[in-house]
Amino acid sequence: MSKVLVTGGTGYIGSHTVVELINEGFEVVIVDNLSNSNVDVLDGIEKITGIRPAFENIDCVDYVAMSNMLDKHNDIESIIHFAASKAVGESVEKPLLYYRNNLVSLINILQLMPVYKIKNFVFSSSCTVYGQPDILPVTEDAPIKVALSPYGNTKQIGEEIIRDTIYANPSLYQSVILRYFNPIGAHASAEIGELPNGVPNNLLPFVTQTAIGIRKQLQVFGDDYNTPDGSCIRDYIHVVDLAKAHVVAVQRMMFGKSKENIEIFNLGTGRGLSVLEIIKSFEKVNEVKVPYKIVGRREGDIEKVWADPTYANEVLGWKATETVEETLRSAWAWELNLAKRSKL
Ligand code: UFG
């Protein structure tokens with residue numbers, strides 16, 4: 001059984017990926033400092049898969065702790081690196097925290113990999129690297145735009161660090177960089193899902209929390225964009241579809257299928273939906289009201305972006321398959337389950 005280290009494995013995308021890895025027969029070690037997640041997520045993973053993955057409460061910024069952890073789990077073959085700070089607004093206020101957390105942890109891991117003869121590396125990147133693309137849908141060849149936030153910059157610099165490291169040591173590493181569009185939804189069991197700290201920044205958790213009454217009203221940031229209904233357009237992808245791409249990426253490197261020792265793939269559906277379309281769809285499929293009002297634009301928002309996933313479909317051999325209806329249903333089921341749990 002091949003062993004995979006998943007940093008940030010108790011987080012939103014991380015936990016869904018751990019489930020898919022276990023389902024495919026991988027042994028998983030999770031490293032997470034629980035800065036934006038809860039250790040109870042391990043219970044959810046165990047309920048779904050019947051297996052409790054090894055867990056180490058470690059900050060990836062701590063080189064010595066990471067090294068000790070790798071001494072203990074000395075047969076890891078691949079790493080999926082999710083652990084990172086990800087709030088765009090906070091990154092503007094605390095840039096050094098973001099550069100430290102996101103870049104030092106990446107450097108530590110890349111430095112430790114050859115020491116422990118770990119070659120395969122999957123990196124969580126983001127469509128944020130494209131900024132507002134000139135051509136839609138956006139392909140992997142689109143130019144990288146100046147980052148609008150320190151967070152976005154850490155993803156761009158992270159990709160460069162990986163590229164330079166592999167260029168200098170092509171025999172020691174191979175990597176798949178995955179550029180995520182907007183992951184939403186939750187596992188079909190509703191045992192794991194997105195659990196934002198405090199007031200959610202992202203659209204879907206705000207929608208579900210408004211629908212259930214935790215928030216009074218959703219604010220729609222702008223209806224004067226150059227889009228059919230005036231609200232911003234994104235490529236919303238089911239988190240389980242996204243999670244499965246990570247398993248495919250690891251298998252690709254393990255079985256020597258990579259065409260180059262660094263490959264980049266867009267993970268999106270190819271379908272752009274506006275904020276208002278998401279709200280309407282959510283209301284319809286879940287038969288619940290989402291009170292909202294249109295307010296001014298949010299600073300730094302991209303008007304419209306959606307993926308051209310052809311390269312991932314054809315070369316990685318992965319495709320997003322969940323419908324948006326099913327995805328929105330899963331997000332609501334998770335919110336309902338959270339409410340049920342908090343009453344127990
Ligand atoms: N939105 C609202 N109201 C809200 C929250 C969001 O109208 O309360 C809108 C936003 O203006 C945007 C859309 O919903 O048009 C999606 O917003 P999210 O915050 O969910 O997602 P973003 O596309 O802005 O952010 C995503 C990732 C970030 C990443 C960013 C880069 O979540 O990590 O893309 O563009 F940095």
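This text goes through a predicted model of a protein chain, from its overall build to single side chains.

The secondary structure of the chain comes to 11 helices and 13 strands. The radius of gyration is 19 Å, close to the 20 Å that the globule rule gives for 344 residues, so the chain is as compact as a globular protein of that length. Along the principal axes, the C-alpha trace spans about 55 × 50 × 40 Å. Of the 344 residues, 55% count as buried.

A place to begin is strand S2, which covers residues 27-31. This strand is mostly covered, with 4 of its 5 residues buried. S2 pairs with strand S1 (residues 3-7) in the parallel sense, over 5 bridges. Within this pairing, valine 6 stands opposite isoleucine 30 of S2. To get from S1 to S2, the chain passes through helix H1 (residues 12-23), and this β-α-β crossover is right-handed.

S2 also has strand S3 (residues 54-56) as a partner; the two run parallel and are joined by 3 bridges. Here valine 31 has glutamate 56 in S3 as its bridge partner. The chain crosses from S2 to S3 through helix H2 (residues 41-49), again in a right-handed β-α-β crossover.

Next come the charged side chains. The model has 17 salt bridges. One of them joins glutamate 191 and lysine 47, with a distance of 3.8 Å from N to O. This pair links distant parts of the chain, 144 residues apart: lysine 47 belongs to helix H2, while glutamate 191 is in the loop between strand S7 (182-184) and helix H7 (203-212). Lysine 47 has 61% relative accessibility; the limit for exposed is over 50%, so lysine 47 counts as exposed. Glutamate 191 has a relative accessible area of 22% and is partly exposed, because buried would require under 20%.

A second salt bridge is formed by aspartate 301 and arginine 234, whose closest N and O atoms are 3.6 Å apart. Aspartate 301 lies in the loop between strand S13 (292-295) and helix H10 (310-316), and arginine 234 lies in strand S9 (residues 233-234), so the pair ties together parts that are 67 residues apart in sequence. In this case both aspartate 301 and arginine 234 are buried. Aspartate 301 also meets the side chain of arginine 298 in a salt bridge, at 3.1 Å from N to O. Arginine 298 is partly exposed, with a relative accessible area of 36%.

The last stop is asparagine 266, in strand S11 (residues 262-267). The relative accessibility of asparagine 266 is 0%, so this residue counts as buried. The side chain of asparagine 266 makes a polar contact of 2.6 Å with the side chain of tyrosine 130. Leaving aside neighbours within four places in sequence, asparagine 266 is in contact with several residues, among them Tyr130, Val138, Thr139, Arg179, Phe181, Asp308 and Trp318.

Methods
Residues numbered from 1 in each chain as written. Predicted model: local features only at pLDDT ≥ 70, side-chain atom pairs only at ≥ 80, totals over all residues. Heavy atoms only, no water. Buried < 20%, exposed > 50% of the residue type's maximum accessible area, 1.4 Å probe, protein only. Pairing = 2+ DSSP bridges. Right-handed = clockwise from strand over helix to strand, strands pointing away. Salt bridge = Lys/Arg side-chain N within 4 Å of Asp/Glu carboxyl O. Polar contact = N/O pair within 3.5 Å; in protein donor to acceptor, adjacent residues only side chain to side chain. Contact = heavy atoms within 4.5 Å. Rg over C-alpha atoms; globule rule 2.2 N^0.38 Å.
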